[in-house]
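These are my notebook entries on a single chain. I list what I looked up, entry by entry.

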Amino acid sequence: MVQLVGPLRKELADSVSSCRVLVVGAGGIGCELLKNLVLTGFRNIEVIDLDTIDVSNLNRQFLFQKKHVGKSKAQVAKESVLRFCPSANITAYHDSIMNPDYNVEFFRNFQLVMNALDNRAARNHVNRMCLAADIPLIESGTAGYLGQVTVIKKGATECYECQPKPTQKTFPGCTIRNTPSEPIHCIVWAKYLFNQLFGEEDADQEVSPDTADPEAAWNPEDTAARATASDQDGDIKRVSTKEWARSTGYDPVKLFNKLFKDDIMYLLTMDKLWKKRKAPVPLDWAEMQQLVSSQDEVSGTGLKDQQVLNVGGYSQLFQHSVETLRSQLADKGDGAELVWDKDDPPAMDFVTAASNLRMHIFSMSMKSRFDVKSMAGNIIPAIATTNAVIAGLIVLEALKILNSDFQQCRTIFLNKQPNPRKKLLVPCALDRPNPNCYVCASKPEVTVKLNVHKTAVLALQDRILKEKFGMVAPDVQIEDGKGTILISSEEGETEANNSKFLSDFGIRNGSRLQADDFLQDYTLLVNVLHCEEMPRDVEFEVVGDAPDKAPAPSAPEEEKNIANGNKDSAQPSTSSKAVVEDDDVLLVDSDEEPSSSTTEVPTESTSLKRKLHDAETGEAASKRKRLDQQAADDDDDIIALD
């Protein structure tokens, strides 16, 4: 007779209680996941998250309360869980998972790793660490009502990076407001700012810290000081941004100093935010005017929209755009509002200037007006129920792994609309590893097309190895028979090389570079393909990257022959016939659950296989666009919060 412990067989219950689990992320999915884990019987849990709690988190991250604002998500999540499950052994880290302290040996301490992340760089990193440590990883993501869960196991399934993915467009709101790390964060912030000043106000789109709010204090003894913040850290009264701007007569100088000086100085008082991040540098209007007179240069050639101004130039553009928008608002009369339109020059000038000033403050490379326009987009709200469903599915997959039943693990998609079989949850068999993957292949190798006379060593390091290939601290050696070190992860060792071009080191067409990331236990061989004339605005190309749209299969598949879903998609794929004929999102329930080997979709149609919505990027494919046509502009990017 089978002995049960609660709903689980005794053997499985024992495995659950003794299993060591690492949860990466304590936000929307992470809160639900921690609750599910302890209630299922997991007792040895470690959770890591660098973020702090923001007011905007409280509508769905139920382990946090108003009194916790400003505190570590991981630490508060641990304390909240222990209140209803005091027997659990939980360790919390307020830190980045990409910190070198969390090396391969750290990951080998666990039987399972569960991702509850909101950005691709961290996902890529955890994927590589789990591959190096040979630990099963359960990956997940949500975007609005859509979500997905999948299992990644070295040598048995596709890894997270086996298939190319579109540019990420999914970011948490607290990152946009407090700790931006990418240009898109600053662009979204600038769009929020436009609405706060000139458009329809939205409480969820606040752009500046609330200096009078005692809950923003890091420690109880700081509360009084924050409630009576002086001019030195931004003396902003508790009024709406629009009311304050009106009271100044939309004075560009006062707006500038409030947004780019006082608010930044206030953020600097939250010193814990900057222990592991580079601190922002406030701007002052008077200093900007000196820059305007002493610096005239712009970078970039060609059309005006493709030029990048210096910070003084953007301060002037900010002033002119505010004055123009102020006049437009006055012409419309009292109580009027402006609507942001990327094709309205003053509105676009405002967002371009404000976002670039914020990029400069947070030590990012500034962007041209053309780039800003192409990146600006809409917002998809985070849905608490989606997070709850996905967290439940993560635990179900974990139980299969602990029960030594890996063959039953699936990629599971949560859909917004039921499929023809009335199913919202659709499982798909896991795909086998991509033999050409530049991460999990036995000998990862890529070919990069670039101009060796125009590509600097720093661009190779930052834009190609770190940004494109997800390395954290690469070391690069030229395979020239001499073992020439081009890039070293040791600080200062090869800094003199940064401004030099690849050709200066004898790198030419056919040269091979060996890039090693010792933290990730990862080696990548880079073949250089020299191209004298690269396409306009293209620094480099990875040869073999999948195109945006793959060719359609030559013959329609039977409806039962589904293609397996992608971990970066929020929908499973379906047959080409279904894609063409049905206006709704047709998702075939995989009762038969074919494997990749029995699926007849050709290899070159990989991106057709992953046809529908992307959970991480929120980027809908053509069929989803037809369904949600009224909800999103057809030429705007989409940004989700969880």
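Is Lys373 buried, partly exposed or exposed? I read a relative accessibility of 30%, so Lys373 counts as partly exposed. The model is a predicted one, and I keep that in mind for each entry below.

I placed Lys373 in helix H14. I then looked up Asp349, which is 24 residues away from Lys373 in sequence. From C-alpha to C-alpha the two are 9.6 Å apart in space.

**Entry: Gly28**

I found Gly28 in helix H2, which covers residues 28–40. Gly28 has a relative accessibility of 4%; the limit for buried is under 20%, so Gly28 counts as buried.

**Entry: aromatic pairs**

How many aromatic pairs does the count come to? I noted 17 aromatic pairs. Tyr93 and Tyr102 make one of them, edge-to-face, with 5.6 Å centre to centre and 75° between the planes. Tyr93 has 22% relative accessibility and therefore counts as partly exposed. Tyr102, at 8%, counts as buried.

Tyr93 also pairs with Phe106. This pair is edge-to-face, with 6.0 Å between the centres and 80° between the planes. Tyr93 sits in strand S5 (residues 89–93) and Phe106 in helix H4 (residues 104–107), so the pair ties together parts that are 13 residues apart in sequence. I looked up the exposure of Phe106 as well: Phe106 is buried, with a relative accessible area of 11%.

I then followed ring pairs elsewhere in the chain. They link Trp189, Phe194, Phe198, Tyr250, Phe256, Phe260, Trp285, Phe318 and Phe350 into a cluster.

**Entry: charge on the surface**

Which residues gather in a patch of negative charge on the surface? I listed Glu200, Glu201, Glu243 and Glu337. I followed up Glu243, which lies in helix H9, residues 241–247.

I noted Ser363 for its positive phi of about 60°, although Ser363 is not a glycine. Where is Ser363 found? I placed Ser363 in the loop between helix H13 (345–361) and helix H14 (369–375). Helix H14 is also where I found Lys373. With 40% relative accessibility, Ser363 counts as partly exposed.

Asp521 is another entry under this heading: its phi is near 50°, a positive value in a residue other than glycine. I found Asp521 in the loop between strand S15 (512–517) and strand S16 (522–530). Is Asp521 buried or exposed? I read 53% relative accessibility for Asp521; exposed means over 50%, so Asp521 counts as exposed.

How values were computed: Residues are numbered from 1 along each chain as its sequence is written. This is a predicted model: local features need pLDDT of at least 70, side-chain atom pairs count only at pLDDT 80 or more; totals for chains, interfaces and linings use all residues. Side-chain values use heavy atoms; hydrogens and water are left out. Patches are made of residues with over 30% relative accessible area and no salt bridge: like charges are joined within 9 Å, nonpolar side chains (Val, Leu, Ile, Met, Phe, Trp, Tyr) within 5 Å. Accessible areas come from the Shrake-Rupley method with a 1.4 Å probe; for residues, only the protein chains shown count as cover. A salt bridge is a side-chain nitrogen of Lys or Arg within 4 Å of a carboxyl oxygen of Asp or Glu. Lys and Arg count as positive and Asp and Glu as negative; His and the chain ends are not counted. The place of a charge is taken as NZ of Lys, CZ of Arg, CG of Asp or CD of Glu. Helices (H or I, at least four residues) and strands (E, at least two) are DSSP runs, numbered from the N terminus. Rings of Phe, Tyr and Trp (its six-membered ring) pair if their centres lie within 6.5 Å; planes under 30 degrees apart count as stacked, over 60 as edge-to-face and the rest as tilted. Buried means under 20% relative accessible area, exposed over 50%, partly exposed in between (1.4 Å probe, protein chains only).
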